[in-house]
Amino acid sequence: MIINHPLLGPRDAQEFTYLGDAALIDRPDWQGEDAQSRFYEYLYLRDNPAGTHRELWFHEGGDRSWLVVTRNTVSHEILQVELARDVARAKGRSK
Amino acid sequence: MSQTHRLTGGQIDSSRVLNFTFDGRAFQGHPGDTLASALMANGVRLMGRSFKYHRPRGVLSAGSEEPNALVELRGGARQEPNTRATVAELFEGLSARSQNRWPSLAFDAMAINDRFSNFLTAGFYYKTFMWPAAFWEKLYEPIIRRAAGLGSISLQDDPDGYDKGFLHCDLLIIGAGPAGLAAALTAGRAGAQVILADEDFAPGGRLNAETLTLGDATGAEWAAATLAELSGLPNVRLMTRTTVIGAFDHGIYGAVERVSDHLATPAAGQPRQILWRIYSRRALLCAGAIERPIAFENNDRPGVMLAGAMRAYANRWAATPAHKVAVFTNNDDGHKTAVDLLAKGVQVAAVIDTRKDAPRIADCELLAGAEVTDTRGRLGLKFVSVRLADGSERMLECGALGVSGGWNPNVHLTCHQRGRPVWNDQISAFVPGKDTPPGLTVAGAATGAFSTAAALSGGSKAAAAALCDIGIKARAIPMPRAEDAPVSLMPFWYVPGGKGRAWLDQQNDVTVKDVKLAHQENFRSVEHLKRYTTLGMATDQGKTSNMGGLAIMAELAGKTIPQVGTTIFRPPYTPVAMGALAGRAVGRDFHPTRLTPSHKWASEQGAVFVEVGNWLRAQWFPRPGETHWRQSVDREVLATRKSVGICDVTTLGKIDVQGTDAAEFLNKVYANGFAKLPVGKTRYGLMLREDGMAMDDGTTARLAEHHFVMTTTTANAVSVYRHLEFVRQCLWPDLDVQLISTTEAWAQYAVAGPNSRALLQKVVDPQFDISNEAFPFMACAEITVCGGLRARLFRISFSGELAFEIAVPTRYGDAMIRRLMQVGAAYDVVPYGTEALGVMRIEKGHAAGNELNGTTTALNLGMGRMVSKKKDSIGSVLSEREGLNAPDALMQVGLRPVDETQPITAGGHLMRRGDAANAANDQGYVTSVAYSPCLGHSIGLGFLKGGGDRQGEIMQLVSPVTGTNVEVEIVSPHFIDPEGERLRA
């Protein structure tokens, strides 16, 4: 596969390591009321769609960016590649 | 003349002779021959024995689809099984042997299987070897494996090298027949970057095999002229002997180039094969078509072959399987074989055409509306029985029979990404569907356009279209005039009736009857049929046999062939040698080797090294007279604890953490607090995973307000860094913190023992005070050594002794170890390796990889209170889960044998005294063991249920694997200096 890195252009998937569902960005509030069950869901309950999936890839053999890759898990077509940091900020994550 | 079946003409160089042997017999062939064509020219029809029934078999095809003629090539370490004789290029001195026969090819004892064929039908193994179950592994399977088999391997190391390569192009053209050549010419003249790959050593495809005219030239002449033009174009890369084996994601294709398979031995430095990864913007499949046989009784006799292959041997290789042949066909194309062989002076007994209205094309007898019902000849064809249109039988004498059931477009690569071929009624065959891999289009016979004119114009147009698609100006170019005959065919798959066996899959010995039996037993899905009968599961993947099976399935089920559907085509297109897949990643080159800065010095000391990940670390340093590793390790431990020892700890991961939020960042990744760590101090940190399990541990030093240096374990250096970047970029993206791995930038040595300070004072520059008062336990500082060399000094201890770690830039690592050893001589300094390091950390009760094994929490490790509840850190929330905090949770304990002469063994489990040794009574397990030279007996660390308050209990340590059962006492894990007085001295 070829991942079109937002900063570096098309790169071979071999340069990356794969983590999984980009929902891992949505880490719950540790002081929230039901923090235990929210964390449990965050960590263990994942969707495994046959189709469009947003997932985290790490450019380990490159610039060490974490990317959010929107990929069709059936056809392997890559629809969008974003810097995970931008995605996290857009979701309101900060410090 | 020995080549009794050699004709005139052909594309071989008959002025030169190549000597070769087959089963020890000497033969001669010519450059341009394959092993199959050369054997055929020498009158050899019998080339192998079948997989299951050991039936005598000859060549069926003239290409890579060959199911029968599998041979063993070469000898010694280069012995190579299961090579198709049809694609093995002849070279001087080639030695080939037939397979799966004993004692000889002509008389094979295992052919007895053939007599028992009634018992060896579809699903035979499943039905027969059901019980008793215990017999399978020891009795049934070995016997079956011995009887049913292919070639044998040399069991020696492959002496040849294999390589991998990467190529990029605008257009990859797969196949260099008429369509591929036309496409390459079009794209090449347009200036595009083109790769033209063909599996043959002589590109041209059917242009070399047929008697065609293209304009004023023969097909072969036009192919040669086109290739000459293409090789003059710098933007075209011609790759012969190169099979494109798979269509992978995003325009990436795998290809195997057989660089020196056609040579006796590769030239020096030349690889045997190269596995190419081709990155293409567009690809064009011009893979042509593969002829399919018609099944009839005893259609597997040597001499029965595909009609197109028979005329390919005659036209290209000037070889004929017999001096008198016949043709059996259901289409016009089959008649060409008769025409071509007659033109070469071979007698043609008759053309047997299943169609009542068959046209007379060849100048020989035509038996229209007739069928071949049976054959005769023990080791080769002698007669065929023909049922004529009027129902009468007739025997025809012939030594070979060319069979044509029509042609199947070679759709394989179009299906590699789950594409499904669609049925075309005109040619009664599957053609590529619309769901080809993105960027891949198809031209020529692979689309079902079988005429030469259609292939030429289709190839040119498809190339132009593919290039226009990516913004390269190209247009189809005029092609020479060529035959444009329509396909005329009546579908016909097998001859019905008769009691004998009609073969579909000759490589896996699957008959028409097997398919019928599978259907009768309700294996009706095409995927079930395949697995139950093994149809199409051999090394040829059923290239010539699958369609026949599908047609019979359809007939039995009352469905059409497209309703039955095909099985899924998967890479590789043809078998690939393991060596090509491995490339250079063999032996010591399997992974890179990382050497520490003291490696050269340690080698000089005679160190024994151990692999730790990619690193080589000194394990111990034997001295003269030491004959057992324990002697060396015990000495290193005792000398360190008595005076001073030095160990290279460069391999530990080092991560530089800087920024105004660096302390806050560390607070998030470590379970314990770091925000209040003063500058100039170091702290032990425990890192958890989000699920609360320990991930890694190490020390982190605060060199300045906004500058920390973290250490990780050697094994986790990479994964911890990846995790830190995840936390930094994905969870708290606005923290002002920067990370960089500096593992390779610093050489680091642990200097441990009561005299470590005295030793270091001899290298640390005098303006730096490292006395206990000025530089206490857990201090850190940036200093200079040896008169101005920048260095970092940490007062940390893994051994439990007064100890330091000193880091200098890597390029000074070698000089540093030599200087330390030199000035340390006054204190009898010893170097120590990873074994002594391990012994000392177990004596001190420090956890390491054995304890941080991915299943242990901070609580298990005795560090439960370190997990701060006042801050948000990775893993803190889930580490509070009830199940992880049960009263009988495993806790780290120390173990000592009650009888001090007994060893403690790693991997053993702890049981109460008197309890039976079983899983139900399991109380815990041992993680680390060592012989403690300080205590004079074996010691261990382990995890025990509720171990926090079980000290003094005597338990049994059981290991059924090693037969161990010893009594141990539960003790504190801190065997040495539990109060920590030594390291604060």
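Let's start with helix α18 of chain B. The buried residues of α18(B) are covered by elements that include β35 (653-658), β36 (682-688), β37 (694-704), β38 (707-712), α19 (717-731) and β39 (738-741) of chain B. Contact here means heavy atoms within 4.5 Å. Helices (H or I, at least four residues) and strands (E, at least two) are DSSP runs, numbered from the N terminus.

A word on the source. This is a predicted model, where local features need pLDDT of at least 70 and side-chain atom pairs count only at pLDDT 80 or more, while totals for chains, interfaces and linings use all residues. Residues are numbered from 1 along each chain as its sequence is written, chains are lettered from A and ligands numbered from 1 in the order in which they are written, and side-chain values use heavy atoms, with hydrogens and water left out.

Back to α18(B). This helix spans residues 662-669, and seven of its eight residues are buried. Buried means under 20% relative accessible area, exposed over 50%, and partly exposed in between, with a 1.4 Å probe and protein chains only. Which residues of α18(B) are buried? They are B:A662, B:A663, B:F665, B:L666, B:N667, B:K668 and B:V669.

Next, another covered helix. Helix α5 of chain B runs over residues 178-189. Eleven of the twelve residues of α5(B) are buried, so the helix is largely enclosed by the rest of the structure. Among them are B:P178, B:L181, B:L185 and B:T186. Now the length. The expected span of a helix is 1.5 Å times one less than its number of residues. For the twelve residues of α5(B) that should give 16 Å, and the end C-alpha atoms are 16 Å apart, which agrees. Just after α5(B), B:G191 takes a positive phi of about 90 degrees.

On to the sheet. Six strands of chain B form an open sheet in the order β41-β42-β43-β40-β34-β44, with mixed pairing. Two strands pair if DSSP finds at least two bridges between them. Which strands sit at the edges? They are β41 (780-785) and β44 (830-831) of chain B, and each pairs on one side only. Strand β34 (residues 645-648) of chain B runs parallel to β44(B), and two bridges join them. B:G645 has B:V830 in β44(B) as its bridge partner. A helix lies over this sheet. Helix α21 (residues 813-824) of chain B lies across β34, β40 (746-752), β41, β43 (803-809) and β44 of chain B, and runs at about 20 degrees to β40(B). Axes are lines fitted to C-alpha atoms, for helices over the stretch in contact, and angles run from 0 to 180 degrees between N-to-C directions.

Salt bridges now. The rule is a side-chain nitrogen of Lys or Arg within 4 Å of a carboxyl oxygen of Asp or Glu. Over all chains, that gives 54 salt bridges.

Pair one: B:R6 and B:D33, with the closest N and O atoms 2.5 Å apart. B:R6 lies in the segment before β1 (18-22) of chain B and B:D33 in the loop between β2 (25-29) and α1 (35-41) of chain B, so the pair ties together parts that are 27 residues apart in sequence. B:R6 and B:D33 are both buried.

Pair two: B:D332 and B:R355, at 2.7 Å between the closest N and O atoms. B:D332 is in helix α9 (residues 332-343) of chain B, and B:R355 is in the loop between β19 (347-353) and β20 (366-368) of chain B, 23 residues apart. B:D332 has 23% relative accessibility, so it counts as partly exposed. B:R355 has 4%, so it counts as buried.

B:E371 is in strand β21 (residues 371-376) and B:R387 in strand β22 (residues 383-387) of chain B, 16 residues apart. B:E371 is buried at 18%, while B:R387 is partly exposed at 27%.

Last, the two chains together. How many residues does each chain bring to the contact? Chain A gives 34 residues, and chain B gives 34 residues. The area buried between chain A and chain B is about 3,100 Å², with 53% from carbon and sulfur atoms. Buried area is the accessible area (1.4 Å probe) that two parts lose on being put together, summed over both. Six salt bridges are counted between chain A and chain B. The side chains of B:D734 and A:R89 meet in a salt bridge, at 2.5 Å from N to O.
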